[in-house]
Amino acid sequence: QMPGLNGLELKKALAPAGNNCPLILVTAEGSENIASQATLAGVAYYLPKPVDVEVMLSAIDQALTVERLRRERADALAALEQRVKQLEILETIGRTLTSSLEMNQVLNRVLAAALGLTGADGGRLYLFDERSAQLKLRNARGPAGTATLMPIDVVDDPLAMQVVRTNQPFVFRPAASGVNPAGVPDFPALY
């Protein structure tokens with residue numbers, strides 16, 4: 001007998017604290033009643049004493065496998081929930097785009113959806129004007145809210161122009177020295 005708590009009491013005490021590690025109950029006081037209580041308490045295995053070493057090793061291996069699979073399932077469900085959230089955001093923006101003809105409202109919602117998908121605090125939406133061959137800032141949102149910029153605002157952001165030229169996304173990280181090229185943000189940004 002363990003001092004203080006018995007194995008079943010230990011399992012019940014660990015659960016409210018969020019500790020779901022597999023527990024193998026080894027007891028000299030074996031009975032169907034204790035086995036039933038162990039199963040209901042979530043004990044991985046119930047082994048009567050004396051315990052064969054091979055049986056114990058097999059029980060440990062199986063309990064760890066079950067726990068690994070449980071965690072993988074939880075991780076997969078969390079990833080699936082995130083993906084569903086992203087698809088819901090995309091569906092919402094799709095409905096907005098197909099139902100709205102007001103360009104500033106559409107651009108505001110596109111930027112809001114992009115921020116929702118990436119978890120960013122702020123962002124900028126650039127459109128390339130083919131007639132003038134210039135990149136124009138059409139919408140911006142920072143942590144303080146939204147600032148819709150006029151379509152005539154020509155962009156003087158060398159990183160945004162690089163993305164247009166290369167057609168490749170770019171992750172900008174400010175220099176540790178704090179000295180960055182003119183026209184670029186002073187915070188990490190995805191272009």
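This is a predicted model: local features need pLDDT of at least 70, side-chain atom pairs count only at pLDDT 80 or more; totals for chains, interfaces and linings use all residues.
Which residues of helix 4 are buried?

Residues are numbered from 1 along each chain as its sequence is written, and side-chain values use heavy atoms, with hydrogens and water left out.

Okay, the overall picture. The protein has five helices and seven strands; these are DSSP runs numbered from the N terminus, with helices being H or I of at least four residues and strands being E of at least two. Along the sequence, the order goes α-β-α-β-α-α-β-β-β-α-β-β. Out of 191 residues, 21% count as buried, where buried means under 20% relative accessible area, exposed means over 50%, and partly exposed is in between, using a 1.4 Å probe and protein chains only.

Back to helix 4, then. Its buried residues are Val-106, Leu-107, Leu-111, Ala-113 and Leu-115. Here's a handy rule: an α-helix has 3.6 residues a turn, so residues three or four places apart point the same way. Helix 4 covers residues 103-118, and its 16 residues should span 22 Å at 1.5 Å a residue; the expected span is 1.5 Å times one less than the number of residues. The end C-alpha atoms are 22 Å apart, which agrees.

Now hop over to strand 4, residues 134-142, where we find Ala-140. Ala-140 is buried, because its relative accessible area is 15%. From Leu-107 to Ala-140 is 33 residues in sequence, but 9.4 Å in space, C-alpha to C-alpha.

So what makes up the largest nonpolar core? Ten residues: Tyr-126, Leu-135, Leu-137, Leu-159, Ala-160, Val-163, Phe-172, Val-184, Ala-189 and Tyr-191. By nonpolar core I mean a set of buried Ala, Val, Leu, Ile, Met, Phe, Trp, Tyr and Cys residues joined through side-chain atoms within 4.5 Å. Strand 4 and helix 5 (158-166) each give at least two residues to this core, and helix 5 has the largest share, with three. Apart from this core there's another one, of five residues, including Leu-25, Ile-34, Ala-38 and Val-43.

Last stop, Ile-60, in helix 3 (residues 53-99).
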